[in-house]
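This report concerns a ligand site and a chain-chain interface. Please consult the sequence and the structure shown below.

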Amino acid sequence: MSGASSGISPLRRLVRAELAAGIAGLRLFIACVAIAAFMLGAVWMLGAGLSRALSENGTIMLGGDVAVEVVNAPLDADLVVRLADLGTLSEVSELRSTAIAGDARTPVEAKVVDDAYPLVGEIALAQSADGVPTLAEALSEREGLPGTVVEPALLSRLGLSVGDTMTLGGGTFEIRAVLLREPDRLSAGFLVGPRVIVSEAAGRAAGLLSSQGLVDYRYRLRADDGDAQALAAAVAALEPERGWELETPADAGDRVRETVARVTTFLGIAAMVALAIGLTGAWAASRVWIGRRVRTIALYRLSGAEPGLVVALHGVLVAIAAGIGIALGLAGAGVLAFVLMDLLAARLHLPWQPAALASAGALAALTLAIGIAGACASALSGAARTPPGAAMRSADTIPTPRPRDAALGAAAIAAAILLAILGLPDEILAATAAFGLVLAAALLAGAGWLVARAAARVKPRGFVARVALQGLDDPAKAAMRAVAIGIGIAGITAVVGAQRSLDTALRAELPDRIPDLVLLDVQQAGIGPLTARVEADPLLGGLQASPFMRATITAVNGVPAAEALVREDKDWVISGDRSFAWAAEPTGAELLGGAWWPVDYAGPPLVSAEEDVQEAFDLVPGDTLTFSVLGRSFTAEVANIRMEYHRTFRPEFLLVASPVPFRDAPHSWIVTLEGETDAAVDALVADLARDAPGVTAIDVRRIVDDLTRVVEGAGLASLAIAGLLLVVGALALTAIVAADVDSRERQALAFTLVGASRREIAAARLAEAGTIGALAALVGGGAGLAGSFWLASAGLRVDFAPGIVALVLPLALGLAAALAAGIVGGLGAAPRGRGQLVRRLAG
Amino acid sequence: MHAPETSFPPSPAKPSDVVVSLVDLRLSYPSPEGEIAVLRGVDLAVRAGEIVAVTGPSGSGKSSLIAVVGGLETPTGGSVRVLGTALESADERTRTALRRRDIGIVFQAYHLVPAMTALENVALPLVLAGEEGGEAAAQAMLREVGLGHRMSHRPSSLSGGEQQRVAVARAFVAGPRLVLADEPTGNLDRRTGEHVAQVMFSLTRASGAALVLVTHDEALARACDRIVAIDEGRIVEERVVRDPVAAGARG
Ligand SMILES: Nc1ncnc2c1ncn2[C@@H]1O[C@H](COP(=O)(O)OP(=O)(O)OP(=O)(O)O)[C@@H](O)[C@H]1O
Ligand SMILES: [Mg+2]
């Protein structure tokens, strides 16, 4: 038998024999691979699925190739005609309203659509008794009643079912179908209630579009010739006098996109950490396995097997085990990603392709395969170098790998990390994370090396200290052990620290539950009775009423607003209609400069500008702002600059003007109030339903509770990820500790013979492992904290708030590593039980 | 010789002092099929300065006997007195202390610490005893066994005979009053084995310690002062080859 060519058939026979005997020795290896594969696969598949769904569906999310949006009043008819000339046009209007059925009422997000809606994508309606109607059928008038489709939440809140009727605005609608998905959902902002869709004719007839309330008018265009860019340019060239917001598919769903990018970055880096730890575990586990087989390998060599055959045999066995691990992990990941993707896509109202998952899964498998090959290189190279003579010696440590093989292994691991970088949405962030991991590994190796150098210098007298230091004094080994334990600590600390920061930030972004109730569209005549009703109830209070109007800033100090802009990122303050109110008294907001006008001020208009406006134009009190309200233009001096917090449900206005002349303009009011008990608030809502059906009541309590649930869900999910990392870490640690159990047991026997007590052996081992553990905890934990700081601030863009957990965790992990090694290699190393010791010694 | 001078008690041991005394010693091991009686009533006394060979077929209980006398195994019956300590009732701490102070053990499989050099291995008992100048004593002992040129070698780069000589040096370095050797030459070729045995004998004679030597080698057994043959856990024959005191005087 010579050469690889004639070695194939013996190889096959040997592999078959080994497989028949079982590869239980590789269980730990398989577990490490499987968990790493699960995390990597799940994260990549989910990330790929989500980002593909978002990037491919921009047109669907926007509802067309180009969209323009105005608030309050529709575009002039002639402008609409000119828009319609440019392509296929669809008009959609959105407003908040209240749906009423009997005594029950609930705020809804009404959407009034024309026949062309949807221009792109599809509305999904639920199957009903007589099949699935088309949207046109569902909205059409039947026996004098217009139809509507509603989201399931509306049915449960009002206790209705398909076929029932409800009141919306001034009209009665028959519910014809349940709305499952609307393609352009992500173009809408934050929804405070379930969606209700009605036809334009019916909506108009019900007075939905003529109210004083806030209506978003959206005009979507589809290019007839397919040239979306030319269409966008043509629409932009129309340049109406009143500002509008022009959007292309690239802008659609940017808030969701940003969230998804944040989340995938976090997940991706967690997965990269899992990959690093998993590979460390695979490296250690493969060395344990080969180490236990040194005698077997030597026997193979004695009976004529060449090194090539030995490597081939073990390579095949490891590959089979790796295949099992990857398959198990990716199968689990696939199921999880599919379920989550289905759930998320439904919530985002987006279609998605399972094919996106498959390619991400394949990439994960490739990455893992390359990484595992690299991780196993040293063990396999050691196997190749096992001399036949090892069968006769008691030595059962793996020979050191050839430098060439070690370098090849390192290169393969580097390639896997490179693939992991390319697999993430944000390559720069991923590369930085990978670089951080490598840097942490280098620091750990350097620290281990230094400790070994120092240990080699000291010669203490006591047995414990001497044996402990003796175990530390090999620089290469100490460096390797510090990396093996510390890299997991670093990665886990980084992810947990970032997770804590994210959780803290999400919770901080939760709006306060004050006020409890926001009332929209309260008419002038309704303010008096409402105030009286609230004052009469001792459990209600905190009533604040603000006029609710819209204004467009057109000039600053006489210069057209677009030219006066000094901060590009604040251009939204001049795009379209912005919130506007008048107030006689100070609103209570903090002033950054200037002063409020006197309560009885009746002179020419003065205006209070929000901080964003100040930043947009570098405004100082005394400058003038020109803005249009309800078609009329006003120029007012800036009296003060206000700061608003954006995390409350209180109305916030970009501009607040002095009362004259706005107080006499037609407008509705927005009212906020607080209730001491839920019942008092509920009673008021019921009264309003009877007395002021036009008022939309937004129940902040319910919204905040919903948001809290979402945030808590996100926190739980990221906690699960951190937990999974801990599991991989524990497995890798088990493998690392197991890697030298055999040699530790031999040592312990020798120590026992010369009269060392069990306690001394354990103390020596603990001191040794404790040194490495402490080193790994300090260096790895430090690197991890630095990593989590970077991850939080650069990756997730939240404040760094690692919490006590991230500080204590590395120490706990280092301690656990030391204890595990101390117990396994020390206390448990000398066999217990009658007859055990003599069998080991004399056997 | 430094070792005997430093660690022997001030009053020199009389050759007739009993170092090991076994009375009706019994030992059984637990097994799935119940207890297996391995030693079934062994009575034996070993005096200081005496070299006793223990022979017997495989499985007869020789290694078990060594383990009990070395305090590595607790008997299940009878009594074991080693250097005045009743081992059958001693706790692990006492037994460990006895081994550390007064007993040297050599096994067929060497049992060196792979990560330590020959010198570090030999110095171990001195380190455990907390003795000053352990290094020099260990060096001297290694030279004694003919390994002065191999001090900084690790076990993996020593031959079997060399490893066993390191183990012998380690067993003798702290000046034990009793040395137990379980087939120390079993892994070695005849010439190397003879060399190792000779080193052990001369170290024993020089220190005045007692040596209990398990061996299959008939010739080696005959070189001892007394031969004890055991079979199935009982002493089946005892043969005095020479009187150690007289032999010591002759030598
Ligand atoms: N841990 C144990 N559990 C059960 N039986 C044991 C155990 N250790 C040893 N034995 C049995 O005890 C008997 C004596 O073993 P021992 O090792 O003392 O024999 P030995 O005389 O040294 O043999 P050899 O010459 O082969 O070394 C043997 O039958 C052995 O199988
Ligand atoms: Mg034996």
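The sections below cover the basis of the model, the ligand site and the interface.

## Basis

This is a predicted model in which local features need pLDDT of at least 70 and side-chain atom pairs count only at pLDDT 80 or more, while totals for chains, interfaces and linings use all residues. Residues are numbered from 1 along each chain as its sequence is written, chains are lettered from A and ligands numbered from 1 in the order in which they are written, and side-chain values use heavy atoms, without hydrogens and water.

## Ligand site

Ligand 1 is placed between chains A and B. Among the 15 residues around ligand 1 (a heavy atom within 4 Å), those that come nearest include Ser58(B), Gly59(B) and Lys62(B).

A polar side-chain atom of Ser63(B) is 2.7 Å from an oxygen atom of ligand 1, and a backbone N or O atom of Gly61(B) is 2.9 Å from a ligand oxygen atom. For His216(B), a side-chain N or O atom lies 3.4 Å from an oxygen atom of ligand 1.

## Interface

The contact (heavy atoms within 4.5 Å) involves 34 residues of chain B and 30 residues of chain A. Two salt bridges link chain B and chain A, a salt bridge being a side-chain nitrogen of Lys or Arg within 4 Å of a carboxyl oxygen of Asp or Glu. Arg100(B) and Glu760(A) form a salt bridge through their side chains, at 2.3 Å from N to O.

Key. Polar contact = N/O pair within 3.5 Å; in protein donor to acceptor, adjacent residues only side chain to side chain.
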